[in-house]
Amino acid sequence: MGYIKIDHAPVKTTDIGPSRDEDSHTDPHSVAGRTIVITGGSSGIGAEIAADLVSAGANAVIADLAEPQHAVPDAAYHRVDITKDTDLLTLVEDTVKRFGAIDALVNCAASYKALGSKKSLDELTTTEWDDVLRVNVRGTWQAIKAVFPVMKERGGHIVNISSTTARSGNPGFPHYIASKAAVEGLTRAAARELGTHGITVNAVALGLVDDEATNALNDRAYVEQAIGRRAIKRTLYPRDVAAVVRFLCSDASGFISGQVVIVDGGGIFT
Ligand SMILES: NC(=O)c1ccc[n+]([C@@H]2O[C@H](COP(=O)([O-])OP(=O)(O)OC[C@H]3O[C@@H](n4cnc5c(N)ncnc54)[C@H](O)[C@@H]3O)[C@@H](O)[C@H]2O)c1
């Protein structure tokens, strides 16, 4: 009796995930020693993500227009406007010089608190529309493009922060909501293109987080209504987001790509 010959696909040494050679002895959930850039890490949710990654042993590099509001001990800080290629180039060069690589990028920077107030689509100006799309969409793409030449050397993880409003379509932020829907589309496009280089690209879509930005933009009754719609009826804290981002920056998530993980206590189901 003959036997069936099975042709295995060649395994590249750049494969990411627990099988990556140099990491075979480490916990795939660990981000210890990994260098992770967090745009928008100077305040709010980004600062919590940076602090969480530092506590897990990562080299966290905050890239933000603004100085860190709450000091994250042991995190590096670079003043970066994500819409400026020159800023991003310097960030990447300095980070590689200091840490030798970029293993993950968390795109958290966005015009959110800067929206100032709710505006209907007939009140918005084209300048306001363009400003939000420029930062939230173009800036996210520019940051991905900037780290790609370095990250493709050994694979890595990219996590884009989105919003459940891209699905629920709440009134008052049409430009912001359109921008987050675009970020999710960009996530899928980048996952397809960068996957061949061993890079995963995912998005994390958040419900209303109880933070400074949310409380500046929404009244308390609105926030309480959002909590009431959740399967798990409690406040969404930045630390809930940080835990999921850390997983997506680790090799334990190495076979998840192009996905949008919704973190909103079961407020919406898709
Ligand atoms: N807070 C929420 O309820 C909520 C809900 C869904 C999604 N999100 C998303 O979570 C992320 C963080 O939100 P947040 O509440 O911490 O908002 P935030 O407005 O407090 O923080 C945004 C950060 O991005 C930085 N930033 C803005 N423009 C930049 C630029 N051009 N270059 C570099 N940095 C820039 C700001 O300085 C700030 O530190 C955002 O992507 C936001 O859209 C927030």
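**Close-up views of a predicted model**

**View 1. Asn-160 and its surroundings.** Asn-160 sits in strand S5. The structure shown here is a predicted model. Is Asn-160 buried or exposed? A residue counts as buried when 20 or more other C-beta atoms lie within 10 Å of its own. Asn-160 has 28 C-beta neighbours inside 10 Å, and therefore it is classed as buried. Leaving aside residues up to four places away in sequence, Asn-160 touches Asn-107, Thr-140, Val-183, Thr-187 and Ala-203. Trp-141 is 19 residues from Asn-160 along the chain, and the C-alpha atoms of these two residues are separated by 9.9 Å.

**View 2. The shell around the ligand.** The ligand is surrounded by 31 residues. Which of them are the closest? They are Gly-40, Gly-44, Ala-110, Lys-113 and Ala-213. At least two residues of the shell come from each of four elements: helix H1 (44–55), helix H3 (126–151), strand S5 (156–163) and helix H6 (212–217). H1 gives the most, with three residues. By residue type, the shell consists of 16 nonpolar, eleven polar and four charged residues.

**View 3. Helix H2 against helix H3.** Helix H2 covers residues 85–99 and packs with H3 at an angle of about 35°. The axes of H2 and H3 are 10 Å apart, and the crossing of H2 past H3 is right-handed. On the H2 side, the contact is made by Asp-85, Leu-88, Leu-89, Val-92 and Val-96. On the H3 side, Gln-142, Ala-143, Ala-146, Val-147 and Val-150 take part. How many residues of this contact are nonpolar? Eight are nonpolar, while one is polar and one is charged.

**View 4. Asp-74 in a loop.** Asp-74 lies in the loop between strand S2 (59–64) and strand S3 (76–79). Most residues other than glycine have a negative phi. Asp-74 is not a glycine, yet its phi is positive, at about 75°. Asp-74 has 13 other C-beta atoms within 10 Å, so it is partly exposed.

View 5. UniProt lists residues 34–212 as "domain: Ketoreductase", in an unreviewed entry. Over residues 34–212, the chain is 45% helix and 20% strand.

Methods:
Residues are numbered from 1 along each chain as its sequence is written. This is a predicted model: local features need pLDDT of at least 70, side-chain atom pairs count only at pLDDT 80 or more; totals for chains, interfaces and linings use all residues. A residue is near a molecule or strand if its C-beta atom, placed from the backbone, lies within 6 Å of it. Ala, Val, Leu, Ile, Met, Phe, Trp, Tyr, Cys and Pro count as nonpolar, Asp, Glu, Lys and Arg as charged, and the others, Gly among them, as polar. Axes are lines fitted to C-alpha atoms, for helices over the stretch in contact, and angles run from 0 to 180 degrees between N-to-C directions. A crossing is left-handed if the near helix is turned anticlockwise from the far one by less than a right angle, and right-handed if clockwise. Two residues are in contact if their C-beta atoms, placed from the backbone, lie within 7 Å. A residue is buried if 20 or more other C-beta atoms lie within 10 Å of its own, exposed if 12 or fewer, and partly exposed in between; C-beta atoms are placed from the backbone. UniProt positions are given in the numbering used here, feature names are shortened, and annotations may be inferred rather than shown by experiment.
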